[in-house]
Amino acid sequence: MLPPLSHRLAACCQFVRPGDRVADVGCDHGYLGIYLLQKNIAASVIASDVALQPLASARENARKYGVEKKISFHLCSGVSGIPRDFDTLVCAGMGADTMIAILSAAPWLRDSRYRLILQCQSKRPQLRQWLWKNGFSILRETLAQDGKFIYPIMEVTYAPCPPQPLWACYLSPALLECGSPLLPEFQKRVIGGISQTIAGLEESGQEPQRLERFRKLKQELEEKTL
């Protein structure tokens, strides 16, 4: 019996390599790690959460699904209290501010032996921009839909790359190349959000430079024919 996985968590699992030692930071109910173990994808799982109740739930679910011996549980903020002997770090269901704080507090993750699988809930352009500015590269990116929401999932590693244009922070080259059938709709939503920002700036009559920057951004994103 497999635990129930949302489409976004299932997409995260697809980026995990067979035999990986996985750290699931912000594990919540623990289903991602349990699934990876039951499918014999992960060799072991480190599960951590900043709150006691989700971690207790994850521990109980691991017992329920019979994989408790392959998971270690850690009550801590970010990666501050987990062992470093893993291959792949998964952060799913967090906003960009939280992810950036976690990664900023762990400079030892700036090592090509680690891979990061990031499923960000908000401020994704800011996250991509921070990753590139801090020496990380987005190797792959895909999309998953749960209900009315479409979520990008990134595979990242430490590998400094050339500076990226602003439009790439909204639709990364890796995302444009992923071939997901959700991509046209996601592009439409991204451009729609920028259009709303432009309308607000036009109405206020303030920040003309910012207005021009967003108009240029919208044009560049519209030119990315899928």
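User: What should I know about the model before reading it?
Analyst: The model is predicted: local features need pLDDT of at least 70, side-chain atom pairs count only at pLDDT 80 or more, and totals for chains, interfaces and linings use all residues. Residues are numbered from 1 along each chain as its sequence is written, and side-chain values use heavy atoms, with hydrogens and water left out.

User: In what order do the strands of the sheet lie?
Analyst: Strands of a sheet pair through backbone hydrogen bonds, either parallel or antiparallel. Here two strands pair if DSSP finds at least two bridges between them. Strands (E, at least two residues) and helices (H or I, at least four) are DSSP runs, numbered from the N terminus. Seven strands form an open sheet in the order β3-β2-β1-β4-β5-β7-β6, with mixed pairing. The edge strands, each pairing on one side only, are β3 (71–75) and β6 (136–146). The twist averages 20° from one strand to the next.

User: How many bridges join β4 to β5?
Analyst: Six bridges join β4 (residues 88–94) to β5 (residues 115–120), and the two run parallel. A92 has Q119 in β5 as its bridge partner. β1 and β2 also run parallel, joined by six bridges. D24 stands opposite A47 in β2.

User: Why is β2 described as largely enclosed?
Analyst: Buried means under 20% relative accessible area, exposed over 50%, partly exposed in between (1.4 Å probe, protein chains only). Six of the eight residues of β2 are buried, so β2 is largely enclosed by the rest of the structure.

User: Which strands does helix α1 lie across?
Analyst: Axes are lines fitted to C-alpha atoms, for helices over the stretch in contact (heavy atoms within 4.5 Å). Angles run from 0 to 180 degrees between N-to-C directions. Helix α1 (residues 7–14) lies across β4, β5, β6 and β7 (149–158), at about 145° to β6. Its buried residues are R8, L9, A11, C12 and C13.

User: Which residues lie nearest the centre of the largest pocket?
Analyst: Rolling a probe the size of a water molecule over the atoms shows where empty space is left. On a 1 Å grid over the protein atoms alone, using a 1.4 Å probe, a pocket is an open set of points with protein on both sides within 12 Å along at least five of seven lines; lining residues have an atom within 4 Å of a point. K123, R124, P125, Q126 and Y170 lie nearest the centre, among 21 lining residues. α8 gives the largest share of the lining, six residues.
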